[in-house]
Every structure is written in structure tokens, then in C-alpha cells.
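Please look over the sequence and the model below before reading on. The paragraphs that follow go from the overall fold to its aromatic pairs.

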Amino acid sequence: MLVLRTVRRTALSLRKPRCLISGQNGLPIKRRTFVSIGAFSDGFLDLATALPLPPSLPPYSTTIILCTVITRIVWTVPFSIWAKRRQWRAEEQVLPVLEALKPVVSKKILTEMKTAKVRGTKEELQAMHSKRMKAILGPRRDELFSEYRCRPGWTMAIPPLTQLPLFMGMSVVLSRLCQSPTPFDSESFFTLSTLAHTDPTAVLPIALGFITFANVESSRWFITDAQREREKKVQQWKADKAAQGHTVLEPQKIIKSTLRIVSVGRILVALMVPGGVVLYWVTSAAFGLVQTWAMDYWELRRRRKLPPPAYKTKNKTVAA
């Protein structure tokens with residue numbers, strides 16, 4: 001521990017304070033910021049020195065891992081739970097109301113079209129009927145989303161938006177700490193010769209890419225049989241539409257394809273950044289993967305407890 005304090009004190013003493021020179025009297029003036037990056041960097045080094053870690057553990061690498069896990073638990077996990085509960089409110093309170101309204105609205109529109117003696121081909125009548133359905137159900141859907149505070153846009157946007165400042169902030173602080181002279185030069189970890197240099201073996205960058213890719217593909221590991229059947233029906237419907245010459249947009253496939261490309265891109269970027277930053281990225285990605293698994297398993301248990309959906313026959317309603 002005494003050696004760490006000595007190395008850190010030497011590195012800090014070699015750093016030249018940045019200042020601005022006044023144009024009038026030539027006196028150095030300090031740039032005012034809310035909280036400087038240097039303050040966070042110094043705080044990190046103080047924390048790494050003060051933590052009662054066993055001598056067998058590398059202090060700076062261990063502190064990076066601990067800070068990543070704790071900040072993710074304290075900051076990002078609550079927003080993910082908040083978003084999940086909003087999703088459940090939409091599925092359990094909004095969608096059933098809309099499903100109950102569909103046959104009523106459909107019957108009403110058919111009656112109006114017959115009364116107005118609307119003429120056209122089967123495809124034209126179906127398109128007109130669908131357009132009128134959306135015009136009536138769309139505003140009602142928005143009202144229900146507002147009433148139950150579960151608008152899908154905010155539900156999907158808030159979790160990644162809250163992760164971005166934390167990710168960027170930690171990356172900037174660690175990148176600053178990797179600049180020479182730095183005590184990170186005195187510590188190695190796994191395949192990193194020092195935390196201040198890139199990984200010469202590319203093991204951690206490749207691990208980062210695989211973890212990111214697994215996070216993208218793991219969404220299908222925890223789905224129920226009912227969800228699989230529904231996906232098959234949706235795919236069949238899309239295939240029929242495509243066969244008829246209609247353009248069918250699939251946002252989920254576009255997002256997944258983009259994230260797969262990002263997985264490869266992260267490998268290339270991680271090959272060029274210091275080891276301390278890569279260690280943070282790998283730890284954050286691994287935590288995100290475990291969090292995704294936990295959320296998906298939580299969702300799977302909830303769906304198994306829900307009553308099976310019902311479908312209508314000509315004479316009665318039967319449980320699926």
C-alpha cells in the first residue's frame with residue numbers, strides 16, 4: 001500500500017496544471033467547471049489506495065471492476081426495473097382494453113360501410129376498414145398509455161439514455177488516468193501488460209465483442225411456447241404480405257442487425273484504447289449481459305403465472 005501511495009504521489013507531482021493566462025496582467029487563472037475530470041481521477045486513485053484489498057488483488061483493476069458493478073446496480077438497474085414495470089402495465093391493463101374494443105369497433109365500421117354502400121375490391125375494402133380502425137383505436141390507445149403512464153417511447157428510451165452519461169463519464173475519467181505519467185503503468189491485469197497500454201493479445205477486445213453479441217442474441221433464450229407460436233404467426237403474416245408485393249418493415253430485425261455490427265465495431269475500437277478503459281467496457285458489458293438474463297428470467301416467470309389467453313369459437317370462448 002505504501003508503494004501505491006508513493007507511485008501515485010510521484011505521478012500527480014509530474015502532472016502540469018492546466019491554466020489560462022489572462023490577457024491584462026498575465027496572471028494564471030483557473031478554468032471554472034462544475035466538477036473537473038481531474039477531481040474524479042484523483043478521487044478514483046484515493047479510493048483505490050484506501051480500499052482494504054488483499055495484497056493478491058491488483059488495486060486499480062479491482063477498483064475499476066467494483067466501481068463498475070456498484071454504479072450499474074445503483075444507477076442503471078433501477079431504471080431497467082422501472083421500464084419493465086411500465087411494460088407490464090401496458091401488457092396487463094392497456095392491451096386487454098384495446099383487444100376488447102377491436103371487435104366492437106370493427107362491427108361498427110362494417111355497419112357504416114354497408115350503410116354508405118361503399119364499393120371496391122376485397123383488398124380495397126380491407127385497406128379502408130383497417131385505416132378506419134387505426135383512426136379510431138389509435139387515439140384511444142394513446143389515451144390509455146397516458147392514463148396508465150406507460151408510453152412505449154419513454155419505456156424504451158429511458159434505460160439506454162440513463163446508461164450513456166455513466167458510460168461516457170467513466171470512459172473519459174479512466175482514459176485521463178491512463179495518460180502518462182500515471183500509476184496505471186505499474187499494474188498489469190490478465191492479458192494487459194499495463195493498464196495504460198492497449199491489450200497486446202486482443203483477448204479483452206474480442207471478449208467485449210462476444211459479450212455484446214451474446215447480449216443481442218440472448219433475448220430468445222427466455223421465451224415461452226406461446227410467444228414462439230405468436231412469432232410464427234407474425235412471420236407467416238409478413239411472408240404473405242411480402243408475397244402480395246407489400247413492403248413490410250421489421251424494426252426489431254433492423255435493430256438486431258445494427259447491434260451485431262456494433263459488436264464487431266466495439267472490438268476494433270477496443271483494440272486502440274488503453275487497457276483500463278477496455279477493462280471497464282468488458283466489466284460493464286458482462287454486467288449488462290447478466291442483467292439481461294435476470295430481467296428475461298423474471299419476465300418468463302411472470303408469463304408462466306399469467307392465465308392462458310382465450311380465443312373465440314363460433315359458440316363459446318375456450319382457453320388456449
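How many helices and strands are there in the chain? There are nine helices and four strands, where helices (H or I, at least four residues) and strands (E, at least two) are DSSP runs numbered from the N terminus. This is a predicted model, in which local features need pLDDT of at least 70 and side-chain atom pairs count only at pLDDT 80 or more, while totals for chains, interfaces and linings use all residues. Residues are numbered from 1 along each chain as its sequence is written, and side-chain values use heavy atoms, with hydrogens and water left out.

From the N terminus on, the order of elements is α-β-β-α-α-α-α-α-α-α-α-β-β. Of the contacts (heavy atoms within 4.5 Å) with a separation of 6 or more, 69% are accounted for by residues 24 or more positions apart. Of the 320 residues, 32% count as buried, that is, under 20% relative accessible area with a 1.4 Å probe and protein chains only, with exposed meaning over 50% and partly exposed in between.

The structure holds six aromatic pairs, for which ring centres of Phe, Tyr and Trp (its six-membered ring) lie within 6.5 Å, and planes under 30 degrees apart count as stacked, over 60 as edge-to-face and the rest as tilted. In one of them, the ring centres of Tyr 60 and Phe 184 are 5.3 Å apart and the planes stand at 50°, so this pair is tilted. Tyr 60 lies in helix α3 (residues 59–115) and Phe 184 in the loop between α5 (152–177) and α6 (203–217), 124 residues apart. Both Tyr 60 and Phe 184 are buried, and together with Phe 44 they form one aromatic cluster.
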